[in-house]
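The stops below are to be visited in order.

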Amino acid sequence: SHCWHKMSHLTELFKYVDDHQDLYVQVRLLRKNIIEIPLPPIILGQLGSDPAKKTVCIYGHLDVQPANIDDGWDTEPFTLVEKDGKLYGRGSTDDKGPVLAWFNCIEAYQKIGKDLPINIKFCFEGMEESGSEGLDDLVFSRKDTFFKDVDYVCISDNYWLGKNKPCITYGLRGICYFFIEVKSCWIIDLHSGVFGGSVHEAMTDLIALMGSSLNLTRFCYLDTKSKSVLCLLYYKSVKHFLLL
């Protein structure tokens, strides 16, 4: 009877929940609200249109990775600071500094009264650090107009080999993205405690699929200092997912 007394309020509780279902649904929907913001604009520019000159398209990006002084910076990351002949600040090398260097070069040509040996087109984006979202659409939409007469593309987003020796990149490895979706033969959710082990699970199949996509080679050698056997793995090749 004591236990029943403690549970006597359940009828009243259930009635309240039933009478206020709309409130709970509304709160849940509000939490799922996502505010979409437009992509930052991509800046296109052109300097010169001499048909006797080659046209080079300069690519750069103006966005940067997040930074906070607590991350280990000696100075405020978004305040450019010169120290010992070097500039410190978020984006000074990736990639606001290299972008600015092109304008410094153009200004130097103008100051000495010399013509640029090439025509220049600029393409500066603001989403590089987030997968260059929107850039593909712009390039394809302008391939027969703005980018039509481009002879070369210079990706101004790389490193120097020293203070006086730039690094000329003549090829890029690129990145391939693959999306894999594995579905089991069951269209309903099955409880692992009841059906686990008796039916094929999509997650297990996905792990097996991805594990078979790499051809691993193992090297083992004896480390005389630690007197232990060390094994190294390297990828001999990567199979295309579509061939599996």
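Predicted model: local features only at pLDDT ≥ 70, side-chain atom pairs only at ≥ 80, totals over all residues.

Residues are numbered from 1 along each chain as its sequence is written, and side-chain values use heavy atoms, leaving out hydrogens and water.

**Helix 4.** Select residues 96–111, which form helix 4 (helices are DSSP runs of H or I, at least four residues, and strands are runs of E, at least two, numbered from the N terminus). Next, select Pro-98, Val-99 and Ile-106, which are buried in this helix (under 20% relative accessible area, with a 1.4 Å probe and protein chains only). Seen down the axis, the buried residues of helix 4 fall within an arc of 115°, so they line one face (the arc is that of the directions from the helix axis to the C-beta atoms). Just after helix 4, Gly-113 has a positive phi of about 75°.

**Aromatic rings.** Which residues do ring pairs link into a cluster? Select Phe-103, Phe-122 and Phe-124 to display them. Rings of Phe, Tyr and Trp (its six-membered ring) pair if their centres lie within 6.5 Å; planes under 30 degrees apart count as stacked, over 60 as edge-to-face and the rest as tilted. Phe-122 counts as buried at 7% relative accessibility, and Phe-124 is buried at 5%.

**Charges over rings.** Finally, select Lys-83, whose charged end sits over the ring of Tyr-88, 5.3 Å from its centre (NZ of Lys or CZ of Arg within 6 Å of the ring centre and within 35 degrees of the ring normal). Lys-121 lies over the face of Phe-146, 4.6 Å from the ring centre.

Key. Expected span 1.5 Å × (residues − 1). Buried < 20%, exposed > 50% of the residue type's maximum accessible area, 1.4 Å probe, protein only.
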